[in-house]
Amino acid sequence: MAVADSFTRDLAWAWLGDMELDDVLLGLSAAGIFGRPPAAIGFLANAAHCVDRAKDGPGLRASQMYHEKRAFMDAFFGGVFFAILDRLASAEGREWVSELDAAQLAGLGPACGMEDDVDGFLETLALVQAPVLHLLVSGPFLGRGKEIFDGLAKQLRAVGSGRPEQRLVIWMYAGRFNLTHSSDLDVSSLRDLVEKLSPRVQVVETTLKAKNWLCDPPRPFWGTSCPTAWTMDEARANMVGFDMSTDIQSINMFLENYSSAQEGSDRGRALRWLFENIAAQEQAENPGTSSLAKELLNDLEIRSLVTNLTKMVPPKSSSMAKVREALTVSQAELEESYARANALLEKDGRPAYLGMEPEQKQRLLEAAQGYAQLYSGSGHFLEAGCSEFFPPAKPFSGPRLDKRSILRCMARGELQGGATADLLVSLALVLHLDSLDSAASAAASTLGWGRLPPATRELFRLEPSTGSREIFSAGLTPDITMNKATKASLAPLVDAVVDAALRGSRLLRAGRQAGLLWGRRPHTCSI
């Protein structure tokens, strides 16, 4: 395995992720922020995402979501990674996966054509000679935390024989899903690593909601400026804040609305712009070849639309009942409009949206737009995201801000793409990397991401945990109000991340061409 000296001696990073869209944007932008490919990528293969029950027996089969994750890895990271397979058997809260014992869970690898290689991941990190190793974490630990953190502790203690003393900085996203799919031992092993090797190990946490790995108390990245629940009066009084609380539920809308507007437009650079520019880079480097990035975007747009239309906001969704009661359109009108869109999803009893031609895709987008626009209510889709319309006794199962986000994206004919989540780590890196690693200052200056205006930097800070000086939360300073001025000051930060993702894609391709490997090529999926 080729690991270039220049990538491991001065500034080095590695990544553990479960490889959804927000993970991928983190990986791309991190490569652009550090100015080099990662030393190693560990794919945290979660059984809850990567497999389904076999249709013809008791075993497991690779899921559609697994194929989507692999498509991301193939398109942007050359299909190269270390597989770290789920070992969190019989754990509560993991839906149907909770029913799997250790023997059944062992079927994950064969079903997906992968062999576990946590040892390979750790062995590669042991080759890193940089004074500071940055480990990015954008997924759950799946019962593997003790192995990972024990291995890192062993590496940090291995001083001598020409090896300098090394520091470790762990950049993490804490969300309910990641915590649910990690064990108590995973978390306590992380805490032990920090406590026993302080001050050589530091943790920087980000979170959208009040969830945490270690930081006490947990601090949402956007602080009080983006509450998770709004009344109608609160929303009307601060539409900028209400919209941002909604837009952070969509990685596409966040990039589009909070990066600088493109020339001749009031919209910034979103996923389509990014993927199309990555595709243009690929085709300029290899004329006449097709672009996996462009194919992936087209597929993503359709699959996201179908999932949101049929699973998240269908016309008989119980969670949206009070929203529908507040609309001026009738239930019959909603169902009729929905039926027009739904009819385009099947042909002769089979999914018609797979491999859909551009003309068919446009018809589906327009039909879905017409349906979503019926939910605009009294204007601006207010009812779809306000707490007055949560179902009785189920305040967290109502329309919520993600439903409003889905409807607004659908009404604009745009990809929603899921919450910003792991992208918060990219924002934190741009803001704080150079303060935690002096070697990063040169990269910040050379690559340009360190030149944020004072008005942007002053919005954010690293806040130490009450229990440790080595554990931090990254986010807005307290009492920031989300208004037009704040939004304008955010644009340089979001621009820096978009620029870094485009630059990172180019660096990763160059790394592959130079023979660098940040993992192993897994077996072809068996299903």
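**Ground rules**

I number residues from 1 along each chain as its sequence is written, and side-chain values use heavy atoms, with hydrogens and water left out. Since the model is predicted, local features need pLDDT of at least 70 and side-chain atom pairs count only at pLDDT 80 or more, while totals for chains, interfaces and linings use all residues.

**Entry: helix 7 against helix 8**

I looked up helix 7 (residues 118-125) and helix 8 (residues 145-157). Helices here are DSSP runs of H or I with at least four residues, strands are runs of E with at least two, and both are numbered from the N terminus. The two helices pack at an angle of about 25°, with their axes 10 Å apart. For that angle, the axes are lines fitted to C-alpha atoms over the stretch in contact, and angles run from 0 to 180 degrees between N-to-C directions. That makes helix 7 roughly parallel to helix 8. My labels: under 35 degrees is roughly parallel, over 145 roughly antiparallel, 65 to 115 roughly perpendicular, and the rest oblique.

I noted the crossing of helix 7 and helix 8 as right-handed. Right-handed means that the near helix is turned clockwise from the far one by less than a right angle, and left-handed means anticlockwise.

Which residues of helix 7 and helix 8 meet? On the helix 7 side I found Val118, Leu122 and Leu125, and on the helix 8 side Glu147, Ile148, Gly151, Leu152 and Gln155. Contact means heavy atoms within 4.5 Å. By class, the residues of this contact are five nonpolar, two polar and one charged. Nonpolar covers Ala, Val, Leu, Ile, Met, Phe, Trp, Tyr, Cys and Pro; charged covers Asp, Glu, Lys and Arg; the others, Gly among them, are polar.

**Entry: helix 15 against helix 19**

Next I checked helix 15 (residues 292-312) and helix 19 (residues 400-411), which pack at about 130° with axes 11 Å apart. Helix 15 and helix 19 are therefore oblique to each other, and their crossing is left-handed. Leu305, Asn308, Leu309 and Met312 of helix 15 meet Asp402, Lys403, Ile406 and Met410 of helix 19. I sorted this contact into five nonpolar, one polar and two charged residues.

**Entry: aromatic rings**

I searched the whole structure and got 15 aromatic pairs. Rings of Phe, Tyr and Trp (its six-membered ring) pair if their centres lie within 6.5 Å; planes under 30 degrees apart are stacked, over 60 edge-to-face, and the rest tilted. I picked out tryptophan 222 with phenylalanine 254: their ring centres are 6.0 Å apart and their planes are at 55°, so the pair is tilted. Tryptophan 222 is in the loop between strand 8 (201-206) and helix 11 (232-237), phenylalanine 254 is in helix 13 (residues 251-258), and so the pair ties together parts 32 residues apart in sequence. Both residues are buried. Buried is under 20% relative accessible area, exposed is over 50%, and partly exposed is in between (1.4 Å probe, protein chains only). I also saw that ring pairs link Phe221, Trp222, Phe254, Tyr258 and Phe460 into a cluster.

**Entry: leucine 25**

Is leucine 25 buried or exposed? Leucine 25 is buried, at a relative accessible area of 2%, and belongs to helix 2 (residues 21-34). Leaving aside neighbours within four places in sequence, I list Ile251, Leu255, Leu271, Leu274, Leu423 and Ser426 as contacts of leucine 25.

Alanine 210 is in the loop between strand 8 and helix 11. Apart from neighbours within four places in sequence, alanine 210 is in contact with Pro218 and Pro220. Proline 217 lies in the loop between strand 8 and helix 11 too, and a cis peptide bond joins aspartate 216 to proline 217, with omega about 0°. I logged another cis bond from serine 198 to proline 199, with omega near 5°. Proline 199 is in the loop between helix 10 (184-196) and strand 8.

**Entry: positive phi**

Leucine 142 is not a glycine, yet phi is positive, near 60°. I placed leucine 142 in the loop between strand 6 (132-138) and helix 8, and it is buried at 0% relative accessibility. Aspartate 479 has a positive phi of about 70°, also without being a glycine. Aspartate 479 sits in the loop between strand 12 (468-476) and helix 23 (484-513) and is exposed, with a relative accessible area of 68%.
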